[in-house]
Amino acid sequence: MTPTAVPSTRTIGIFHTTDMELEQRLAEAGLNFSLSEARKVATILGRDPTVVEAHIFNTMWSEHCSYKSSRGVLKEHLPTDASHVVLGPGEDAGIVRLCEIDGKSYCVAVAHESHNHPSQIVPNEGAATGIGGIVRDVYCMGADVIGVMDPLRFGDPNGPNAERTREIVHGVVEGIWQYGDALGVPNLGGDVYFDRSYDDNCLVNVVAIGLVEESEIKRSRVPEEARDVPYDVILVGKPTDPSGFGGATFASRILDEEKTLSDKYAVQVPDPFLKRMLTVATFRVLDLVRERGVAIGFKDLGAGGIACATSELGAAAGLGIRVDLSRVPVAEPDMSPEVIACSETQERYALVVPRDFTPEVLRIFNEEFELPALCHGAQAAVIGEVIEEPRYVLEHEGETVCDASTEAITTGISYVRDANERERGGDEPEVPEDMGLVAAVLGVLGSPNVASREHVYRHYDGEVKGNAVVRPGEADAGVIAPIPGEKVGVAVAADGNPFLGALDPYQAGAAAVAEAVRNVCATGAVPIALTDCLNFGNPEIPEVFHDFVEAVRGIGDAARGIGMKDSDEPIPVVSGNVSFYNQSAAGNAILPSPIVCCIGRLDDLSRHTTIGFRNEGNAIYLLGRRTGELGGSEFMRTVLGAIGVSPATVRIADERAMAAAVTDLAERGLTRACHDISDGGLAAAIAEMILLTAPDVEIGARVDLAAMASAGAAGGEGTVGVQEACRLLFCESGGYVLEIAASDEAAALAVFEERSVWFRRVGETTGELGIVLASAEGGDVEVPFDAMARAWSGGATEVML
């Protein structure tokens with residue numbers, strides 16, 4: 001049934017208006033619709049929309065909520081299913097099975113989002129509410145959050161906007177630690193890149209990982225039982241205020257400096273202490289739900305606020321929702337119904353529960369945990385009910401201000417965008433024949449994109465839950481013990497090199513998967529799931545959209561090609577986010593920035609591996625052929641002052657074989673240390689393995705350049721010229737550096753042969769600090785430890801402090 005009229009005097013006149021008139025009306029109402037979208041809303045409703053309906057459709061049809069440009073591309077290219085997937089993309093978090101212990105199936109829930117625009121405008125609050133939102137996505141699946149991650153991208157710290165960039169860096173890091181530490185959730189890692197393309201649009205991507213028993217999973221939908229018995233809609237948390245109103249549409253448009261002040265009001269206000277108590281109270285409710293066998297629906301209030309959460313809860317079940325906005329607890333008097341419906345006030349959940357269970361829910365939140373005493377106006381309140389007809393009905397002070405099909409609201413719209421490959425030219429400078437290898441190594445180590453990230457992660461509490469096994473900086477991935485008393489572990493890493501995106505978006509997508517997988521495997525964990533956050537400029541620009549399509553295609557091909565270990569199944573992409581319009585009004589777009597998170601399983605935590613060398617006299621093995629491309633590498637940009645042309649190609653079949661070999665070695669206890677090769681190439685990897693040894697151990701490395709350059713696995717003879725040495729040392733093609741004890745070499749070689757991986761024994765650990773590059777033309781080259789330490793530890797200090 002389509003209503004012909006809604007009794008409200010506040011409407012947006014669409015029918016019988018010229019384009020010029022309509023454009024003015026939309027602007028006056030603060031709506032970001034295109035003219036064709038506005039007219040489509042009126043056609044669907046069969047009348048002019050009310051102001052509330054217009055704002056709801058404006059929000060739900062935004063790029064942020066509807067994925068109107070990306071949905072078809074994601075569906076075409078990304079593998080989302082595997083035998084261990086419980087829930088793939090579509091709900092607030094994806095869920096995969098981790099292990100079974102004593103008849104209980106334990107699962108990992110993971111969500112991956114962006115909070116880019118808010119963090120550029122108000123860095124502290126924007127980053128904090130990003131963490132706040134992502135943990136709610138995991139909590140509302142019934143999972144306990146066991147860790148968060150934060151891949152970050154900032155502007156050029158030495159460029160014309162350096163002062164603003166450093167303010168944003170400090171604000172974002174403070175927001176993340178202030179919220180996460182107060183909430184009691186450990187930070188497991190992330191990554192950081194700096195580039196001038198992020199001057200006007202920083203990227204704050206956030207990941208949350210949770211643990212849940214499979215039988216305890218909650219769904220973001222009204223239960224089927226609501227067809228037979230009355231169900232109430234309960235809003236829990238902070239009173240609704242105007243903060244975050246228009247946040248979803250704000251995240252779906254280009255940033256404009258002239259609108260910075262007004263945009264600040266689209267950023268939510270965090271309250272981690274209330275969130276902590278709200279979470280404890282929520283789990284008390286979930287305990288009671290389990291004890292009584294009650295079926296409920298549970299959803300986070302994020303983008304679009306009440307309107308988005310409640311309409312999606314109903315639509316997912318093919319049922320309707322009626323909400324009385326007058327019953328919503330508000331922080332300010334005389335708030336308009338569209339603000340009440342669409343505000344993105346933080347620290348709120350929506351629950352749909354049987355009416356006879358409602359008093360218990362209200363008692364737990366309002367009396368047992370005294371929410372009203374924790375924050376003025378905070379409470380649990382019944383704001384509506386489930387209805388049989390699949391319609392979304394909002395009332396306010398006795399008037400019906402919205403009456404539309406839940407399907408029409410939540411299905412959104414879809415575009416097929418034009419995609420044109422952009423012209424990529426430029427020259428790639430040759431490596432000078434008189435290049436100094438020591439200066440080159442130190443220059444790469446001192447780059448802010450390679451140097452130590454300690455000045456970021458030292459702010460974060462990684463011990464708050466007491467489950468940390470490997471902390472940020474100790475290995476290529478964070479490792480935790482999620483189940484007390486059990487030996488199973490979870491490893492997580494997030495990666496994505498934006499400089500590859502500048503040269504070849506397909507390779508950037510594939511490389512993000514490959515590096516995230518390598519980082520997890522380097523700890524000994526076997527990858528079981530992926531998530532992605534796809535950060536790009538304006539999708540209405542054909543070249544930008546082509547970059548996006550190619551990056552997604554690369555992610556999909558790598559996820560399928562690397563695949564689950566010893567299986568034909570892909571590594572499934574179970575959650576993710578698309579962030580478009582990371583572009584300023586001046587036309588400055590970010591580099592194509594696909595970021596991928598990988599989750600891995602360690603069957604035995606005692607077998608985990610870290611980066612730092614362990615003992616002198618052990619063999620150093622290289623896995624992964626040095627293919628010599630320098631395009632997009634840190635060496636090319638930092639030392640040669642160009643971005644180059646030809647990036648390293650992801651060799652997907654080799655990545656699969658290497659992942660299997662490295663995890664085999666860890667499972668058999670044959671690895672003393674392991675580090676993946678990525679930013680800075682082999683030189684940076686070996687330097688970091690020295691720099692991250694235990695404080696009381698002095699270990700260096702002697703590396704034979706001729707062994708790397710030779711065709712035979714046993715090593716080579718002769719000397720290596722500077723140009724070839726640079727291609728061996730600084731090429732960022734994927735691979736691993738392994739420390740293997742002499743007593744384990746035969747067993748390790750058997751694994752390499754069994755898995756058909758390319759390998760070389762390239763050197764050994766020594767008792768003298770520093771790196772000796774043997775077989776260099778003109779004699780051995782020594783890279784002093786003290787110089788390496790100064791460059792690596794100080795490269796990002798000024799930016800981070």
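1. What share of the contacts in the chain with a separation of 6 or more is accounted for by residues 24 or more positions apart? The share is 83%. The model is predicted, and the points below describe that model. Its chain has a mean pLDDT of 91, with 94% of the residues at 70 or more.

2. Two stretches call for caution. Residues 1-8 have a pLDDT below 50, although in the model this stretch makes 22 contacts beyond near neighbours in sequence. Residues 711-715 also have a pLDDT below 50, and there the corresponding count is seven contacts.

3. On the overall form, the secondary structure amounts to 29 helices and 28 strands. The chain is as compact as a globular protein of 801 residues, because its radius of gyration of 27 Å is close to the 28 Å given by the globule rule for that length. The C-alpha trace spans about 90 × 60 × 45 Å along its principal axes. Buried residues make up 64% of the 801 in the chain. The accessible surface is about 28,200 Å², and carbon and sulfur atoms contribute 47% of it.

4. Helix α12, residues 305-315, is largely enclosed by the rest of the structure, because nine of its 11 residues are buried. Those buried residues run from G305 through I306, A307, C308, A309, T310 and S311, and also include L313 and G314.

5. Helix α14 covers residues 358-368, and its buried residues are T358, E360, V361, I364 and F365. Just after α14, E370 has a positive phi of about 50°.

6. Strand β18 (residues 489-495) has seven of its seven residues buried. Cover is present on both faces: G489, A491, A493 and D495 are buried on one side, and V490, V492 and A494 on the other. Strand β17 (residues 478-480) runs antiparallel to β18 and is joined to it by three bridges; V479 has A491 of β18 as its bridge partner. Strand β21 (residues 593-602) is also antiparallel to β18, with seven bridges between the two. In that pairing A493 stands opposite C598 of β21.

7. V492, in strand β18, deserves a separate look. Its relative accessible area is 1%, under the 20% cut-off, so V492 is buried. Setting aside residues up to four places away in sequence, V492 touches M149, L188, I209, A477, G478, V520, C598 and I599.

8. Apart from neighbours within four places in sequence, its contacts are A475, D476, A477, V479, A491, L602, R607, H608 and T609. Among these, A491 is also the bridge partner of V479. A477 is in contact with T523 and is touched by V492.

9. How many strands form the open sheet that contains β22? There are seven, in the order β23-β25-β22-β26-β24-β27-β28, and the pairing is mixed. The edges are β23 (673-677) and β28 (781-783); each has a single partner strand, so one side of each lacks a neighbour in the sheet. From one strand to the next the twist averages 20°.

10. Within this sheet, strand β22 (residues 619-623) and strand β26 (residues 759-766) run antiparallel and are joined by five bridges. Y621 stands opposite R761 of β26. Helix α23 (residues 652-667) packs on the sheet and touches β22, β23 and β25 (735-740). The direction of α23 makes about 20° with that of β25.

Definitions and conventions:
Residues are numbered from 1 along each chain as its sequence is written. This is a predicted model: local features need pLDDT of at least 70, side-chain atom pairs count only at pLDDT 80 or more; totals for chains, interfaces and linings use all residues. Side-chain values use heavy atoms; hydrogens and water are left out. pLDDT is the predictor's confidence in each residue, from 0 to 100. Contact means heavy atoms within 4.5 Å. Buried means under 20% relative accessible area, exposed over 50%, partly exposed in between (1.4 Å probe, protein chains only). Helices (H or I, at least four residues) and strands (E, at least two) are DSSP runs, numbered from the N terminus. Two strands pair if DSSP finds at least two bridges between them. The radius of gyration is taken over C-alpha atoms; the globule rule is 2.2 Å times the number of residues to the power 0.38. Accessible areas come from the Shrake-Rupley method with a 1.4 Å probe; for residues, only the protein chains shown count as cover. Axes are lines fitted to C-alpha atoms, for helices over the stretch in contact, and angles run from 0 to 180 degrees between N-to-C directions.
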